[in-house]
Amino acid sequence: MPEPVEPEHAAAANEGDSAPADLRHCKMGSNCTKEVAGLAGLFLEYPQDTVATAGTEITFIAKVDSTTLTRKPTIKWLKGKWMDLGSKAGKHMQFKETYDRNTKIYTWEMKVIKVVPADAGGYRCEVISKDKCDSCAFEISVEAVHVEEKKDAMAAFRRTDAGEDDGDLDFSALLKATKKKKVVEEPQVDVWEILKNAQPSEYEKIAFEYGITDLRGLLKRLKKMKTVEPKHSDAFLKRLEAAYTVDKGKKIVLSLEVVDPNVQVKWLKNGQEIKTSAKYIMEQSGNVRTLTINKCSLADDAAYECVIDGEKCFTEVFVKEPPVTITKLLDDYHVVVGERVEFEVEVSVEGAHVNWMFEDKDLCRDSSKHRFKKDGLKHMLIIQEASLEDIGMYWCFTNGGRTKGELEVEEKELEVLQSIADLTVKAEDIAVFKCEVSDEKVTGKWFKDGVEVIASDRFKMTHIGRIHRLTIGSVKPEDAGDYTFVPEGYALSLSAKLNFLEIKIDYVPRQDPPKIHLDTTGNMVSQNTIIVVAGNKLRLDVEISGEPAPTVVWSRGDTPITATEGRVRTEARKDLSCFVIEGAEREDEGNYTIVVTNPAGEDKAMLFVKIVDVPDSPENVKCTSVGEDCATIVWEPPKFDGGAPIKGYLMERKKKGSHRWTKLNFDVYEGTSYEAKRMIEGVLYEMRVFAVNGIGISQPSLNSKPFMPIAPTSEPIALKVHDVTDSTCVLKWLAPEKVGAGGLDGYIIEYCKDGATDWVLANDEVVDRQSYTVRNLPVGEKINFRVVAVNIAGRSPPATLNQAVTIREIMELPKIRLPRYLRQKYIRRVGDKINLTIPFQGKPRPNVQWYKDGAELADTTVSIRNSNVDSILFIRSAERSHSGKYELVLHIENMEARATLEMRVVETPGPPVDVKVTDVWGFNAALEWQPPKDDGNAEITGYTIQKADKKTKEWFTIYEHNRRPNCTASDLVMGNEYMFRVYSENLVGKSEEPGISKNTAVIPKIGLQYNPALFKEKDMQCPPKFTQPLIDRSVVAGYSTAISCAVSGVPRPKINWFRNRLPLDENPSFLMQNNQGVLTLNIRKPSQYDGGKFTCKAVNPLGQDVAECTVSVRVLKDDKDDKDE
């Protein structure tokens, strides 16, 4: 028999992408272990390569020391690359796990029974504990059995189709009459009974003998089994369950039954009384008391008790928190030194806790280098300035998964925009070394011949933006040498040489007057005007000649420019004078003068610097008119055109409240009004405009006020004349087919004489009805009418009639349209409300008269209301006196129309009279009576007869709807005296009072004796018996399944479920149900380790019965590949 194994220990090894690939697949040699990802090997002993003979048994052993592990290790036995042998456990392969508490060493065994050639190949053993992993590969070679041919006389009788049992002799072929060998089954051992009767000192020995790994859990359950049954409670009929399990965020109901339905109970949580609130709802219904906990959180995971006058009932609630999964994985980053890095991950639960790791180190939240941020489902790890030490793998862990992202950091390259140039200067001149690099933040040092230059009065070092300068004043011969600039943090240096020029005057120098040589090419649009785009740099190099070297003075207006540093400055070079403006602005525009002088004379030149820029924004953008899907926008040109003519405009629009702008034109539009089309009616829009000149595009204008494209409605439809009199005309129409987003405010009615064009307004205010009476019209004139719908966008097209209407009243004969239900007798009950509406027609308006039974209606309780088209007869509370024939008469001059209706007001009848017993015989009595004096104004439809024994005086109905005024009461009880009463019935119902018989019927006693038959109650008790057994099942991992059986037994047996002989009472993955003896075990989303031998045990005082089956859980190949990857 295979030893029991707890397959759930290996479940953690298959949890999705919960470990890096290099930790999940550790490839090693067959006889070696090595460190994986910086982690030491875990095996103390690992399986070895084995050569086995077919038909023999082989055993492989793996041992792991758990003293340094934080979590219990799990093991997987694999064949080839992916085949998991855990699902192959059975007669051919057996697995066993043991644990030594003293040495803390886990031992796993894999036994192969009766090796076959198909078992040959490569195998692998993997052990995993949290973030540690070890693996070992080994091989099995299978050799055939060597048997000499002369001794193989029985080969013909060997089985060739026995699979694993290939090789056993088929003795049935040798001796057909041989008796079948009885198979001796090993008796099943009940571990629970052994542990119950054993001493505590023997528990570990028994656990080792029977392969029990979870001894502590087994002893807890054994303690519960030995618990003495609780004493009978005087307060509780049904107690709370021992424990309840609920998912986080769900609702749970704790229910119990008490003896006294009026008793008050208290609910406690961890000893503290619970008050009624939206979260905790306490209810009572008869003997049942319930506590409902809404939206359970982890704070509700506690002990609860119900207290009644000192007696308590306890339970525990366990709140299961769903695993937090990662919905958005980390991305890899490639940055340069100093850049900001932000790792972002998204999880499935808001507010979940995540852990961050760098390589194999936990990141501390108190670190100044790393910052952690949480925003709803998003969690961020922020590195403000990345450095080379931050290169590596970053991990994010939750309790339901993990993800990783790699950070690569490289050094930032420094680009030299302008290197240092060699200088040759004369005594007392100024030497300036200048260089420009790409990064403004870079600092550096200056060296002369390898010695750092120290700042002094003559040596000045400046750093402005990307430009570094070394200025040497009053150059001396000893200043000559090699000068080098070295940026800090970069392996880079810039060098130049300073040459000292010594001048000897051996003759009187020639004197030439100074002269300015201006270059009129380039950005000079004329001889003395220079155009510069705002923000650009202006550098004007003016060549100067003259002996001796002239003195140069730049000035703007009357103000000289003497600065050699800053945004506006001058620079002096040999035969050149440079004027520089960094980042030209509008204020820099103006006239500039350069004056050069020397002893031989003076020269002067004037320049005008013109600064051009993008124009200002357009102004006063507004909507002037709207249509159904369009709007007209106007604006004013910008106040400043940027110094260049405006070429046109670009327009954009957006919906109000949105941030997304849509371009309306891609080519420059030259006008200052624009019609925007393809807009949605009823939606608020905003618009803005950009101005464009030769320099570029301006900033956008201020948004226009919101406007809404709206169109008038379509014209009203179905305009017609409903009625015409000598001075009025009634018009009716239907609403427009298309109303639009502007809605409908109402209608305007206009008219004019036929042939005229002056329309007269018929209504001063718009009407919202779809009919109107035009009054004060001239008699006999032909009039045209039209109706216009009005909304916020204006008037719709008019609806007109096909021809003019002549204003003259039309004669119409009177006619009454009596409703169908009034053409037959109209019946109502006393007290009902009567409201009869009888339509009629006729022109001019008819004269209406009502008559009752031939006389004019004068009853004050009957109200009459007449209109042009109908007459209403109203009675608030009907009485029997209102019954009769009513006649409606219409008169128009000498013409009339009549209609007659018959009304009957009914009520319940009176009681029958003269009820008496006329004859009594046997068990029968004859009754007779007379009809009631008052039939309730309706025909008597029947009678209801009741009887009552004079002793009990309880009335029982013996006849209903009896039509004749007599009947016979049968089946009367001997020795009793009976009274009778009769109710009369009509279409309203039974009479309120009955007619009671004047005499009674006495049934005399007769000497009879009742001898009941002997009856022997049958004993229905029987021991439990399974009428429908359990059936073996093979299911797919991850899909819920159920196994069922049926049992009978009296008294009702108690049911227990076991898996591999372990009870399933408190396992939330299994739900047990019992419906009238049909037993069902639901297995929720089984894993490949939830299979095994399931047992259902039924017990009652007369005996017990057991049903068993095997459930195997298989894993689909694709799912297994995904998990292993």
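**Cysteines and salt bridges**

Modeller: The sulfur of Cys 136 lies 7.0 Å from the closest cysteine sulfur, that of Cys 125, which is too far for a bond. This is a predicted model, in which local features need pLDDT of at least 70, side-chain atom pairs count only at pLDDT 80 or more, and totals for chains, interfaces and linings use all residues. Residues are numbered from 1 along each chain as its sequence is written, and side-chain values use heavy atoms, with hydrogens and water left out.

Biologist: Why is Cys 1045 in no disulfide?

Modeller: A disulfide is a pair of cysteine sulfur atoms within 2.5 Å, whereas the nearest cysteine sulfur to Cys 1045, that of Cys 1096, is 4.1 Å away. A search of the whole structure finds zero disulfides.

Biologist: What makes Arg 688 and Glu 652 a salt bridge?

Modeller: The term requires a side-chain nitrogen of Lys or Arg within 4 Å of a carboxyl oxygen of Asp or Glu, and the closest N and O atoms of Arg 688 and Glu 652 are 2.8 Å apart, so the pair qualifies. By this rule the count comes to 37 salt bridges.

Biologist: Why is Glu 652 called buried?

Modeller: Buried means under 20% relative accessible area, exposed over 50%, and partly exposed in between (1.4 Å probe, protein chains only); Glu 652 has 7% relative accessibility and therefore counts as buried.

Biologist: And why does Lys 1093 count as partly exposed?

Modeller: Lys 1093 has a relative accessible area of 35%, and is therefore partly exposed.
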